[in-house]
Amino acid sequence: MSSTIYNHRPLQPTGPSQPPPQGPNQPPRDAARLNELLDVVRQEFDVVSQECNALKAQRDEYEQKVSLQVNELGILRQALYDLESTHAKIRQQYEDDVGRLRAEVASLRGPPSANGPPPPQQQPPPQVGPPPGVGPQQGPQPMQGVVQGRAPPPPPQSAPGPPYGAPPPDYYARGPREVHDVDAQPLPPRDRGDRDRDRADRDRVMDRGDRDRGDRERDRAERERDRDRERGRDRGDRDRDRDRDRDREERERDRDRDRDREKDMKMQRGPAGSGPGGPSGVKSAVEPRKSDPYHPGGPSQVPHGPSQGGPPPSSSKPPSQSHPSSLAGPSAGGPSASSSAVVASGAPVPYDLIPGTNPLTDLDPDMVPHELKKEGGDWWAIFNPKVKRVLDVGLSLTLSHESVVCCVRFSADGKYLATGCNRSAQIHDTKTGAKTCVLVDESATKTGDLYIRSVCFSPDGKYLATGAEDKQIRIWDIAKKRIRTLFEGHTQEIYSLEFSSDGRFIVSGSGDRTCRIWDMETNACKILSIIEPDTVDAGVTSVAISPDGRLVAAGSLDMFVRIWDVQTGNMIERLKGHKDSVYSVAFTPDGTGIVSGSLDKTMKHWDISPLLRNPARLQPLAQATGMVPTNQMAGKKDGGEKGSLCTVGFVGHKDYVLSVAVSPEGSWVVSGSKDRGVQFWDPKTAQTQLMLQGHKNSVISIDLSPAGGLLATGSGDWQARVWSYATIAAP
């Protein structure tokens with residue numbers, strides 16, 4: 001018997017019934033899934049293909065733009081070569097003309113005869129200087145505008161550049177690739193073929209289509225704007241080069257005239273120094289000339305040149321002011337020796353006896369020996385080779401602003417520096433440069449600019465006074481950063497502020513022809529008026545208070561320096577001598593002198609000790625009446641009306657003198673100018689110790705720390721800088 005385990009029925013599945021078997025024509029489920037995946041891959045491929053096509057289109061577009069730029073660069077390069085070739089031709093022609101004319105000058109002049117008058121009909125050529133009666137249009141100026149080629153771009157700001165308006169020293173020493181031969185003909189055939197091929201390529205590129213025509217038009221407009229800006233910079237460079245060449249030619253003409261006049265005087269004086277060349281002749285030899293742009297002092301009708309003959313006329317000043325014994329003439333050491341002799345005498349003398357020449361104006365900074373030059377990253381200083389170097393200078397801080405820096409002023413302890421710019425006054429730590437305070441009047445008008453023209457710390461350092469274009473004086477509490485007092489009354493912009501040494505009052509100067517004395521306790525105001533006809537602009541540009549607080553001095557646009565007595569408010573002195581507006585005044589530490597800076601490019605030192613000794617010094621001066629200005633009234637001569645004298649004239653800046661300061665010990669006079677330079681001067685000899693170049697625009701304001709050792713400068717390049725200076729110990 002078989003086992004029962006084999007006697008069973010087959011088990012049937014208990015789940016749902018299976019689908020019937022599929023026929024051969026019906027696809028399985030896996031095939032459908034595969035088709036779906038293939039569709040997804042196909043879609044992704046289409047998207048990637050579209051992106052690839054877009055990228056190819058962008059690549060073609062960029063290639064077209066690059067081709068256009070390459071072609072434009074080729075054309076610009078060729079134009080540059082053409083300009084340099086033309087410039088080399090004109091320059092060579094100019095040098096040939098100059099050499100020929102100089103040879104003619106040398107042949108026409110010849111050495112003067114020792115026993116007779118110079119030959120008649122001998123006139124200097126135009127290069128040496130126009131003879132009397134010939135206007136400046138007949139000089140060499142018309143050629144200057146022709147010979148000036150395209151000036152190279154300025155050097156990077158991180159490296160010391162050439163002097164203002166001067167091209168790099170290697171500009172005229174380029175290789176044959178950059179400067180063609182002076183006799184070169186039009187471009188060789190190979191260059192013309194390259195240019196034609198470039199033009200043809202550009203035409204083919206332009207014919208591909210106008211899909212990106214708008215982009216090309218915008219690119220072309222941007223290039224045109226760049227070219228216009230470049231042409232504007234080139235014109236500015238050419239103007240600066242022209243001014244520099246004109247200054248150099250004027251100095252050459254001045255030197256030629258001085259040599260001619262010295263020869264004439266030697267002939268007239270004779271070997272023993274007697275005869276017409278006596279003391280009066282010597283004095284005329286050092287007087288500034290009216291036609292001399294670097295000596296704008298009193299006029300001197302001194303003929304010059306070999307053809308004039310005759311002795312120079314003597315000075316019209318009284319003998320009591322001439323001091324002929326203090327001058328030794330050219331044989332005693334020239335102007336420098338005479339200047340030292342005058343100062344050593346101790347008596348006040350008119351400034352025209354001290355010519356105050358500045359040899360730094362003739363120096364090329366690139367040619368200055370290493371021991372006479374000091375350079376930083378973007379600044380340099382050169383020292384006068386004709387005087388002993390006794391100062392060292394260096395850059396301590398650079399303070400960037402958001403607008404032009406109109407004014408700078410140290411606190412009494414020298415620890416802080418205040419600056420004024422558009423809408424704000426800022427206070428900086430002079431050691432770290434940290435900005436410790438920003439003062440902004442939120443209630444001021446929001447329309448237009450509102451430049452802070454003047455700032456001044458109170459002696460105790462608690463307050464800062466600011467004067468602005470809105471005719472208001474704000475006294476700020478520095479600790480609270482809010483306005484303590486608001487002084488109103490001026491009718492025009494406020495250009496200058498000065499606290500008295502005791503802090504009891506503050507003086508303001510405005511374009512409305514007034515100075516005002518404001519009492520800090522009572523807010524009372526005393527007005528110091530300038531009375532002139534309406535046709536005379538006598539706006540006040542600068543004010544200063546004497547160390548003892550008894551006098552107020554002000555410089556004005558009508559070329560005068562005026563002095564008032566604080567107690568009475570009377571104008572007690574009027575100083576005349578500048579030939580243009582006076583933009584800055586400062587008292588000397590002893591209170592017996594005033595230094596003024598003017599738009600006539602000079603500074604003057606005024607000795608007011610005769611005024612202080614005058615018993616009638618408190619008597620008010622007569623002011624203008626009717627329509628006659630003060631400077632045209634009879635009897636108004638250079639100097640002061642109560643005995644004050646201009647003892648020293650500082651000559652050497654190439655442009656307007658905008659700011660002056662005197663060191664606390666009185667050893668140095670410092671000036672800032674539109675020529676971007678700062679100069680340290682010896683007040684006794686009128687000789688400059690050094691010239692500092694550290695700004696890219698006009699030096700608008702300077703100040704010396706009352707604690708000594710620091711100089712601050714504010715400029716139109718939106719920067720204020722703090723410099724250190726120190727006396728070099730004698731070896």
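Reader: Let's start with C525: what is its relative accessible area?
Author: C525 comes out at 36%, so it counts as partly exposed. Keep in mind that this is a predicted model.

Reader: And C421, buried or exposed?
Author: C421 is buried, with a relative accessible area of 3%.

Reader: Switching topic: what's the strand order in the open sheet of four strands?
Author: It goes β8-β9-β10-β11, and the pairing is antiparallel.

Reader: Which strands stand at the edges?
Author: Those are β8 (452-457) and β11 (482-488). Each has a single partner strand, so one side of each has no neighbour in the sheet. On average, neighbouring strands here are turned by 20 degrees against each other, ignoring direction.

Reader: How many bridges join β8 to β9?
Author: Five, with β9 covering residues 463-468 and running antiparallel to β8.

Reader: And what does V455 stand opposite?
Author: V455 faces T466 in β9.

Reader: Last one: where does UniProt list a coiled-coil region?
Author: The unreviewed UniProt entry lists it at residues 45-72. In the model, that stretch is 100% helix and 0% strand, and its end C-alpha atoms are 40 Å apart.

How values were computed. Residues are numbered from 1 along each chain as its sequence is written. This is a predicted model: local features need pLDDT of at least 70, side-chain atom pairs count only at pLDDT 80 or more; totals for chains, interfaces and linings use all residues. Side-chain values use heavy atoms; hydrogens and water are left out. UniProt positions are given in the numbering used here, feature names are shortened, and annotations may be inferred rather than shown by experiment. Helices (H or I, at least four residues) and strands (E, at least two) are DSSP runs, numbered from the N terminus. Buried means under 20% relative accessible area, exposed over 50%, partly exposed in between (1.4 Å probe, protein chains only). Two strands pair if DSSP finds at least two bridges between them. Axes are lines fitted to C-alpha atoms, for helices over the stretch in contact, and angles run from 0 to 180 degrees between N-to-C directions.
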